[in-house]
Structure formats: C-alpha cells, structure tokens
Amino acid sequence: MAKKAVIVLSGGLDSTTCMGIAQNEEYELYPITFSYGQRHDREVEQAKKIANYFHVKHHKIVDINFFKQIGGSALTDTNIDVPNDGVEEGIPATYVPARNMIFLSLASAYAEVIGADAIFIGVSSVDYSGYPDCRPEFINSMNKTINLATKTGVTEHALTIKAPLMHLTKSETVELGTKLGVPYHLTTSCYNGEEEACGTCDSCRLRIKGFKEAGLVDPIPYQIDIDWKA
C-alpha cells in the first residue's frame, strides 16, 4: 500500500512546495484546506486549483468560523489593518491566535482516520513573519502531543509532522520548488486577497525577496512594478 500524507494546503507558496516535496517522496497526497474567515479567502480557491494540478483524489475543505468570531488578527478582523509598511519586528498584527496548533490538531484527526503516515506543513523559522507557531520547538512539541493523544500514536505507528521548509530561506524554498515543478503560478500569498498581489504586505515582501534572491521572476501578477533583476 502507498504511504499517505496529509498536507496542510493554504494555497500559498510554502504549502504548495510541501505538496511537491510530498509527491517527490512518493506519498499519496491528501491535502486539507481551512476556510477560517480569512481576509485573503482567495487562497481557498487557489488551493482547489493546486489540488487539481496534482491530480489528488481527496481534497478536504474545512470551514472554521471560530477564528472570525474571536477576531484578534488583521487576517480575520476587518477592524485591524494589514500592515503595509515593511516586515514587522516581533509578532505582527497578522498573527492568528493558535492557528497552526488548531490546524495540526484537525489534520492529525484526519490523518488518523485515513491511516496516514505523515502530516506536511509549510512553516519556516528563517524567512517568516515572527509567528510563534512556526518555530521548531512548536512542531517538535506537537509531534509528541499528537502521538500521545491519538489511537494511532499509542497502538499502531507514530504519526510524524514534517516541516521540510523549517530551516530554509524563502529563496531556498523557491529554488527547491522550481526544481520539483511546483505550480507557483497558481499560488497566492498576499494578505489583502486581491487577484493581483499588493506587493507591500509582509507576505508579499517576503515572497518577492525570495524570488529575487533565487534569481527568478515570480509568475503571479502584482499591483506594483517590480524590478526582478534588482
């Protein structure tokens, strides 16, 4: 039987790279996408296109209204503006409270039901926005927790959370994904969620920086002119 992997697929650059990595490692792909009232909900539609590109048979779309109900993030609360004046120091306004902890908990439940061996998540502790749930300490802790809390973990075989981008810069991620044929033209990263990326939010700035340092041109459209050779 083919080994199975659940991929937390946001529709963004990093999670789509994880799809390519998991496919390259010969996992059967089971992407799971969360619609959580995010300002940039366009990513859900892009995730569907990405899943189709990889010819997956199973793609779960999970609706979670909870994040929208509690707010507390520029991505879920329209009363908080998305920062557009440079990558913030510390934990930025775009941090969504406990998001990855909740996502991984739900992904582990799905993984247990389908008999998956791994969960892939595209977090990085190098080029990122300062989120506490993107650190290796968090991933290591969740690895232990899901194997203590699941039937699979205590009776059969350990379920592994894989974060293959954890120690890569954005440019290294882009270079790896390009070699694997990852469809970056289908991805979206902009926190403002428009068809054309703003080019000024934290996520856009990190993405642009990654493509520039990799010596590549980002295939998605931007609202601003970008000199990719600079």
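The axes of helix H1 (residues 13–24) and helix H7 (residues 170–179) approach to within 10 Å and cross at roughly 40 degrees. The structure is a predicted model, in which local features need pLDDT of at least 70 and side-chain atom pairs count only at pLDDT 80 or more, while totals for chains, interfaces and linings use all residues. Residues are numbered from 1 along each chain as its sequence is written, and side-chain values use heavy atoms, with hydrogens and water left out. Helices (H or I, at least four residues) and strands (E, at least two) are DSSP runs numbered from the N terminus. Axes are lines fitted to C-alpha atoms, for helices over the stretch in contact, with angles from 0 to 180 degrees between N-to-C directions.

H1 and H7 are therefore oblique to each other; angles under 35 degrees count as roughly parallel, over 145 as roughly antiparallel, 65 to 115 as roughly perpendicular and the rest as oblique. The crossing of H1 with H7 is left-handed, that is, the near helix is turned anticlockwise from the far one by less than a right angle (clockwise for right-handed). On the H1 side, the contact (heavy atoms within 4.5 Å) is made by Leu13, Asp14, Thr17 and Ile21, and on the H7 side by Lys170, Thr173, Val174, Leu176 and Gly177. These residues comprise four nonpolar, three polar and two charged. Here Ala, Val, Leu, Ile, Met, Phe, Trp, Tyr, Cys and Pro count as nonpolar, Asp, Glu, Lys and Arg as charged, and the others, Gly among them, as polar.

A second pair is formed by helix H4 (residues 99–114) and H5, whose axes come within 11 Å and cross at roughly 35 degrees. H4 passes H5 in a right-handed crossing. Asn100, Met101, Leu104, Ser105 and Ser108 of H4 meet Phe138, Ile139, Met142 and Ile146 of H5. This contact has six nonpolar, three polar and no charged residues.

Threonine 150 lies in the loop between helix H5 (136–149) and helix H6 (151–155). Threonine 150 counts as buried because its relative accessibility is 9%; buried means under 20% relative accessible area, exposed over 50%, and partly exposed in between (1.4 Å probe, protein chains only). A polar atom of the threonine 150 side chain lies 2.7 Å from the backbone oxygen of isoleucine 146.

Serine 125 is located in the loop between strand E4 (118–120) and H5. With a relative accessible area of 24%, serine 125 is partly exposed. The C-alpha atoms of serine 125 and histidine 167 are separated by 6.2 Å, although the two residues are 42 residues apart along the chain.

Key
Polar contact = N/O pair within 3.5 Å; in protein donor to acceptor, adjacent residues only side chain to side chain.
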